[in-house]
Amino acid sequence: MRTLLLTCLTLSTMASAALAQTAAPPDADAVQRELEAKAIRIPASDLAAALKASDDGRSDRARLVPRKPDWEAVRAELARTSADDETRDNETGIDQRRPPVRGNRPPPPPSGLRALAAERLPRTDRGETDIVLIPLLAPAHPDVRDNLKVYGQENTYTAVSKIDNEASLSISGVCNRVIGGAPNLVSLRKRMAEGPPRLTALRARYNISRNEFGVDLSFSKFGCGYVITIECGDTDNDERCTEDQYISRLADSMILINPERAGGE
Amino acid sequence: MKLDLRYMLAGLIAFLSACTQEEPASETPGDPPAEEEPAEEEPLPEPEDDDFLQDNEGRVFSYVPAGDLLPSSGPGHSDTTIYRPDITFPLEDAAFLNSQVYRHGGSNGGLNGMTEGQCHPSNYDYPWQDTFCESRSREQIMCPTGGHEGVDIRAGSCIPETGAVHWAVAVEDGRIVGLEGSKYTVKLQTSDGTLYRYMHLKMDQLAVGDGEFVTKGQRIGKVSNDFFNSAGDPVPTTFHLHFEMYQNYAPDEETDPIFDQVSPYMTLVNAYEKKLRAAE
């Protein structure tokens with residue numbers, strides 16, 4: 001009996017010790033050793049490195065595919081919005097296409113894509129917009145539009161705007177695309193492409209993602225990709241960054257700043 | 001170029017033995033099967049440090065596979081894609097990719113028993129480790145449970161201890177965009193549309209101006225720990241470069257692209273390999 005009790009006592013002590021060990025914080029050196037054990041080293045010889053590249057996960061390369069925008073689709077989108085505006089003008093008696101007036105700020109424009117030449121934007125340098133060969137889109141909201149500064153290159157651009165002291169916006173666009181890469185990534189991206197929601201007015205697929213600076217809305221239109229970023233001073237509490245509504249509303253009402261590429265304003 | 005004779009020899013032997021393998025002779029029914037002498041294989045000698053790529057201080061470069069994160073730091077995102085094979089590495093000197101949050105000096109370092117300061121030697125050594133999709137409270141489309149949308153890179157030495165200056169450089173030819181009014185990010189856009197973001201540089205001592213066209217390798221700014229809240233007050237962070245890459249990515253020619261953040265981890269491994277080889 002005594003032996004049985006001693007055995008039970010010993011076992012329970014061992015169990016307690018094991019439990020205590022489980023609850024103890026991990027050993028940093030052991031964690032580091034584990035990393036080292038699974039780390040990959042690259043052979044110094046070019047040939048040996050090349051032979052091992054596939055095993056080491058160093059052989060999956062994406063490739064750049066140059067693409068032109070679908071200007072026909074741009075014209076069709078402008079015509080559709082214009083027809084909607086005319087219908088609305090007739091119903092309300094208000095001209096939806098009037099140019100922005102500084103100091104007497106008009107209300108946020110209705111959704112859709114409208115042409116607005118660069119010279120109507122006070123901070124936009126015509127030289128920067130003329131060079132851009134792809135649809136140069138930006139949110140139409142006066143808070144953004146009137147402060148837009150464009151950095152143009154032939155096949156890409158970025159436009160930025162300070163919304164107020166707490167938030168700023170940027171939009172970048174490009175039609176060239178990068179395709180391929182790791183097989184698991186390709187499968188994942190295909191699945192992701194099946195279900196994203198659409199911006200109602202632009203009829204474009206979009207995704208919203210958050211980051212250290214704020215929030216991104218990426219959408220695809222006219223064969224090109226665009227990303228709108230709002231950076232907030234207080235990323236975790238400013239509703240423009242924490243909620244989807246503000247950024248998706250901005251994306252639903254856009255201006256085309258280089259309408260001459262589509263055949264005029 | 002260093003030639004690793006052991007690897008070459010092993011490859012050559014394997015190739016020759018594959019070529020010289022004969023078709024088995026047809027056996028007459030009833031014949032006993034020919035007994036084969038088991039071939040004695042010479043074990044390959046253990047490789048030495050010299051067999052592997054090293055940095056200029058003689059440390060062997062190594063990296064934990066993409067998407068394999070530290071314990072308790074999230075599921076990660078396994079993406080081995082090299083998106084931009086020709087970029088130059090974003091720091092001039094040696095660099096160490098690892099977690100700023102779940103290692104020494106980080107707010108959650110204790111989860112891995114790493115409770116010492118940011119200058120702990122293991123933070124400034126290999127292997128590299130991926131931090132894309134490391135756990136964060138933010139929704140990120142590539143990180144199902146929320147995560148870090150870039151990778152963190154420590155400079156060649158721990159700046160608060162050494163006082164050294166470590167430069168971040170342009171990874172490609174491109175243009176600095178949207179710098180005006182930016183509190184802690186520098187954006188570089190290439191002519192074909194790739195967008196890079198550099199964060200936590202010493203913003204009042206940048207080497208580039210807003211709208212400037214820069215060339216690959218050109219100095220942009222000094223690695224630092226600049227991070228501010230909306231009131232302009234500093235938010236504590238370690239000395240490191242937070243690096244992001246946006247690509248207009250489509251899985252194939254037919255699918256609509258999405259212009260968003262992708263994992264730069266293997267692109268950086270590739271760039272670092274080139275950097276070390278160039279220095280050899």
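Is Glu253(B) buried, exposed or partly exposed? With a relative accessibility of 32%, Glu253(B) counts as partly exposed; buried would be under 20% relative accessible area, exposed over 50%, and partly exposed is what lies in between, using a 1.4 Å probe and protein chains only.

Okay, some housekeeping. What we have is a predicted model, where local features need pLDDT of at least 70 and side-chain atom pairs count only at pLDDT 80 or more, while totals for chains, interfaces and linings use all residues. Residues are numbered from 1 along each chain as its sequence is written, chains are lettered from A and ligands numbered from 1 in the order in which they are written, and side-chain values use heavy atoms, leaving out hydrogens and water.

Back to Glu253(B). Its side chain meets that of Arg67(A) in a salt bridge, 3.5 Å from N to O. That pair crosses between chains, going from the loop between strand E10 (241-250) and strand E11 (258-262) of chain B to the loop between strand E2 (62-65) and helix H4 (71-92) of chain A. By salt bridge I mean a side-chain nitrogen of Lys or Arg within 4 Å of a carboxyl oxygen of Asp or Glu. The helices (H or I, at least four residues) and strands (E, at least two) are DSSP runs, numbered from the N terminus. Arg67(A) is partly exposed too, at 30%.

Another one joins Glu180(B) to Lys149(A), with the closest N and O atoms 3.2 Å apart.

Now the contact itself, meaning heavy atoms within 4.5 Å. Chain B puts in 98 residues and chain A 85. On the chain B side, E10(B) gives the largest share, 7 residues.

Some salt bridges also join up. Asp46(A), Lys52(A), Asp56(A), Arg58(A), Glu273(B) and Arg277(B) form a linked network. Inside it, Lys52(A) and Asp56(A) pair up at 3.2 Å between their closest N and O atoms. Lys52(A) is partly exposed at 23%, whereas Asp56(A) is buried at 6%.

Asp164(A) sits in strand E6 (residues 156-164) and Arg240(A) in helix H8 (residues 239-242), so the pair ties together parts 76 residues apart in sequence. Asp164(A) is partly exposed at 31%, and Arg240(A) is buried at 16%.
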